[in-house]
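Okay, thanks everyone for coming. Let me put the thing up on the screen, and then I'll walk you through it.

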Amino acid sequence: MKGALRIALLIAAVALLAPASAGAEEGGPSRQEYVSQVEPICQANTEANKRILKNAKQRARNGKMKQAGAQFIHASAAFGSTVQKIAAVPRPPADEPRLLKWFTFLEIVKTDLHKLGTAVKEGNKIKAAHEAIRVQRSGNAANNVGFVFEFHYCRIEQSRFI
């Protein structure tokens, strides 16, 4: 009887430990590891966008709309390549649905930023104002989805683009 009890306890212990080890074998980084891999990519993009968008507002205000629009379009392209780099980073399996939603919003930010550049380049101030609002809203939506990651550089802030 004692032998049967030991076997039952051993089976129960193995059953309890199996899900924990299965999660570890599943692969994928933890949330903190993911953030530590992604943040340097976002930091590089933030610094690049500062250079790309330097004086863009002033140029737009001083009538140099084509130059300012080209700067926003260039920033959109740089942001798009950054999103592709981030998408290539292995993701935590538990956060996969949230990150896919985040990537969707990041793509919208990229598209809206390009539309903003096009509107500025065309000199269409009303459309540019609308697109600037869209960039802000899609950035806020991305931030709301990515809030749990506590990003610093991967957080979309209006001051980085507009």
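So, here's where I'd like to start: which residues lie nearest the centre of the largest pocket? They are Lys57, Ala60, Phe72, Val120 and Ala128, out of 14 residues that line the largest pocket. A pocket here is found on a 1 Å grid over the protein atoms alone: an open set of points where a 1.4 Å probe fits, with protein on both sides within 12 Å along at least five of seven lines, and lining residues have an atom within 4 Å of a point.

Before I go on, some housekeeping. This is a predicted model, where local features need pLDDT of at least 70 and side-chain atom pairs count only at pLDDT 80 or more, while totals for chains, interfaces and linings use all residues. Residues are numbered from 1 along each chain as its sequence is written, and side-chain values use heavy atoms, with hydrogens and water left out.

Back to the largest pocket. Helices H3 (56-61), H4, H5 (96-122) and H6 (125-146) each give two or more residues to the lining. There's about 270 Å³ of space in there, counted as the space filled by probe spheres set on the grid points, which are joined across faces, edges and corners. As for the lining, it divides into 10 nonpolar residues, one polar and three charged.

Now the overall picture. Of its 162 residues, 36% are buried, and buried means under 20% relative accessible area, exposed over 50%, partly exposed in between, with a 1.4 Å probe and protein chains only. Take the contacts with a separation of 6 or more: 73% of them join residues 24 or more positions apart, a contact being heavy atoms within 4.5 Å.

Let's zoom in on Thr82, in helix H4 (residues 65-87). Is Thr82 buried or exposed? Buried, with a relative accessible area of 8%. A polar atom of the Thr82 side chain sits 3.0 Å from the backbone oxygen of Ala78. And if you skip the neighbours within four places in sequence, Thr82 is in contact with Ile41 and Asn45.

Next, two pairs that are apart along the chain. Ser30 is in the loop between helix H1 (2-25) and helix H2 (31-52), and Ser30 is partly exposed at 31% relative accessible area.

Last stop: where do we find positive phi values in residues other than glycine? One is Asn55, with phi near 65°. Asn55 lies in the loop between H2 and H3 and is partly exposed, with a relative accessible area of 39%. Another is Glu150, with phi near 55°. You'll find Glu150 in the loop between H6 and helix H7 (158-161), and at 69% relative accessibility Glu150 counts as exposed.

How values were computed. Helix = DSSP H or I, 4+ residues; strand = E, 2+ residues; numbered from the N terminus. Polar contact = N/O pair within 3.5 Å; in protein donor to acceptor, adjacent residues only side chain to side chain. Nonpolar A, V, L, I, M, F, W, Y, C, P; charged D, E, K, R; others polar.
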